[in-house]
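Okay, thanks for coming, everyone.

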Amino acid sequence: MKTTALTPWHESHHAKMIDFFNTLLPVHYETGIIAEHEAVRTHAGIFDVSHMGQLFFKGEAALNQARSVLSQDIDAMVKNQVKYGFILREDGTMVDDVLCMKTCDDEVLVIVNGANIDKVMTYLDQRFNGSALVENESDDYSVIAFQGPLTQTLIHSIVPTPLDYYTFVHGTFNGVEMFVSRTGYTGEHGYELIMANKDALTVWEMLLNLSKDVIPCGLGARDSLRLEAGMPLYGHELNDDLTPLDVNLGIFVPKHRRHLFGLEERKPRFKRIGFVLNDKAIPREGYVLTQHSKNVGFVSSGTFSVTLKRGIAMAIINADVNLEETIECVIRNKSYSIEIIKLPFIKK
Amino acid sequence: MNSVKEGYYYLSTHEWVKQESDTTFLVGISDFAQHALGDIVYVALPEVNDTVKQGERFCDVESVKAVSDVYSPVSGTITEINTSLEDSPELLNQDPYGVWIMKVEGSIDTSGLLDSAAYTLHLENEH
């Protein structure tokens with residue numbers, strides 16, 4: 001199993017560690033998921049997300065390959081811009097969902113999910129007949145997410161110039177070379193910092209020392225925060241069989257690029273919804289949704305919402321389901337009426 | 001961390017039973033169980049007059065992350081459930097050996113249970 005540059009820190013701070021797709025990462029610290037979740041909603045938290053992968057496409061030939069697999073229009077992006085999108089197959093199905101960072105005119109840095117690094121590399125290798133020009137530098141970098149309302153002012157002592165949403169800077173800050181982007185996976189104001197492994201502990205402690213209101217958070221809070229923010233997670237809302245159109249994410253595939261992925265004519269087969277349960281029950285991944293006693297879909301992610309104090313979930317349901325009529329979620333042989341909520345659950 | 005209470009009997013699945021009188025028993029979950037679950041946010045309680053059987057599931061406990069089955073260390077009929085868990089499920093985290101889930105009129109077969117020494121050994125071996 002892989003570890004991160006911060007694994008010794010997590011272990012010495014009594015984190016509960018799990019094997020997350022072959023990387024040892026903290027689920028939560030002694031404070032617990034609820035306290036960590038609330039800290040990010042009200043103050044600030046830091047997360048070790050070093051399992052995320054860094055793929056560079058450097059030079060015009062590599063960029064040409066990127067153009068044929070990324071949903072993002074990289075030529076429409078300006079330097080220091082970040083865009084969300086997908087690595088797509090020619091049939092429009094999703095290999096991964098990714099952030100694309102335009103580092104300079106002839107280079108992009110693509111951030112892929114840790115669980116998908118090998119799959120993406122294999123796909124690119126096949127797609128370009130063994131001549132993929134991508135450079136996988138995932139093992140060289142650590143990633144720390146710095147999230148929560150207090151980050152807006154706290155970041156100034158690291159990066160003095162304000163960053164717009166979905167932009168980044170690359171430079172040396174407090175003596176450490178890093179990429180700092182105004183992105184995140186919590187629905188809060190926040191930043192993600194990418195640095196060489198050797199600098200990870202320095203940055204981690206630098207962030208903790210900014211304020212006593214910054215606390216370390218694990219993957220448990222990260223998952224409950226992203227779910228409240230209505231953000232999809234690969235392996236749950238997204239997978240190898242679905243296209244972005246199937247999960248209401250067509251907006252991230254520009255119309256003029258859809259022909260590259262067979263998505264021009266393609267109709268969505270499913271839709272992604274968010275719902276709450278007003279009973280005391282928690283929807284969990286895999287639970288079935290029914291309408292008129294017929295199966296119409298399933299829960300893709302579900303949890304107890306720390307903020308709403310109710311069970312919330314995202315689900316994938318058949319495209320033809322009438323949302324005006326009652327849909328029920330089956331939990332241990334009992335059916336509960338769902339209340340569909342326009343995502344995100346937490347509006348900021 | 002992971003304390004074991006003397007005088008209680010345990011299932012290897014981390015539930016405890018405490019004998020109150022000849023035929024009445026209190027049932028809860030161990031300190032190890034509440035640590036493993038993390039923040040408990042919901043307890044799907046059984047109902048009074050339900051019958052329970054030693055070794056069989058009688059309720060679910062949910063944390064933010066997951067749902068877990070809870071097994072009964074005693075056989076008999078439920079005479080009382082701890083309704084304070086409906087609104088304050090976190091009590092199970094705060095005081096695992098003081099907070100019970102159900103009171104049962106029935107009997108235990110100690111050959112199928114672990115005493116505190118055996119349960120301590122079980123925790124050391126398994127985890």
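So, starting with chain A: what share of its contacts with a separation of 6 or more comes from residues 24 or more positions apart? For chain A that figure is 65%, where a contact means two C-beta atoms, placed from the backbone, within 7 Å. Quick housekeeping: this is a predicted model, with local features needing pLDDT of at least 70, side-chain atom pairs counting only at pLDDT 80 or more, and totals for chains, interfaces and linings using all residues. Residues are numbered from 1 along each chain as its sequence is written, while chains are lettered from A and ligands numbered from 1 in the order in which they are written.

Chain A has seven helices and 19 strands; those are DSSP runs, H or I of at least four residues for helices and E of at least two for strands, numbered from the N terminus. Its radius of gyration is 20 Å, close to the 20 Å from the globule rule for 348 residues, so chain A is as compact as a globular protein of that length. That radius is taken over C-alpha atoms, and the rule is 2.2 Å times the number of residues to the power 0.38. Along the principal axes, the C-alpha trace of chain A spans about 60 × 50 × 35 Å.

How about burial? In chain A, 46% of the 348 residues are buried. Buried means 20 or more other C-beta atoms within 10 Å of a residue's own, exposed means 12 or fewer, and partly exposed is in between, again with C-beta atoms placed from the backbone. Take α7(A): 10 of its 10 residues are buried, so this helix is largely enclosed by the rest of the structure. Even R222(A), D223(A), R226(A) and E228(A) are among the buried ones. Just after α7(A), G230(A) has a positive phi of about 70°.

Now the largest nonpolar core, which has 131 residues. A core here is a set of buried Ala, Val, Leu, Ile, Met, Phe, Trp, Tyr and Cys residues joined through C-beta atoms within 7 Å. I46(A) and V27(B) are among the members touching the most others. Beyond four places in sequence, the contacts of I46(A) include I144(A), W204(A) and C217(A).

Two partly exposed residues next. F20(A), in strand β1 (residues 16-20) of chain A, has 17 C-beta neighbours inside 10 Å, which is why it counts as partly exposed. H236(A) sits in the loop between α7 and β14 (270-277) of chain A and touches E285(A), S300(A) and S301(A), leaving out residues up to four places away.

Where do the chains meet? 12 residues of chain A are in contact with eight residues of chain B. On the chain A side, α2 (33-42), α7 (219-228) and β16 (294-305) each supply at least two residues.

Last, chain B has an open three-stranded sheet, ordered β4-β6-β7, with antiparallel pairing; strands pair if DSSP finds at least two bridges between them. β4 (40-44) and β7 (67-71) of chain B each have a single partner strand, so one side of each lacks a neighbour in the sheet. Four bridges join β4(B) to β6(B), and S63(B) is the bridge partner of I40(B).
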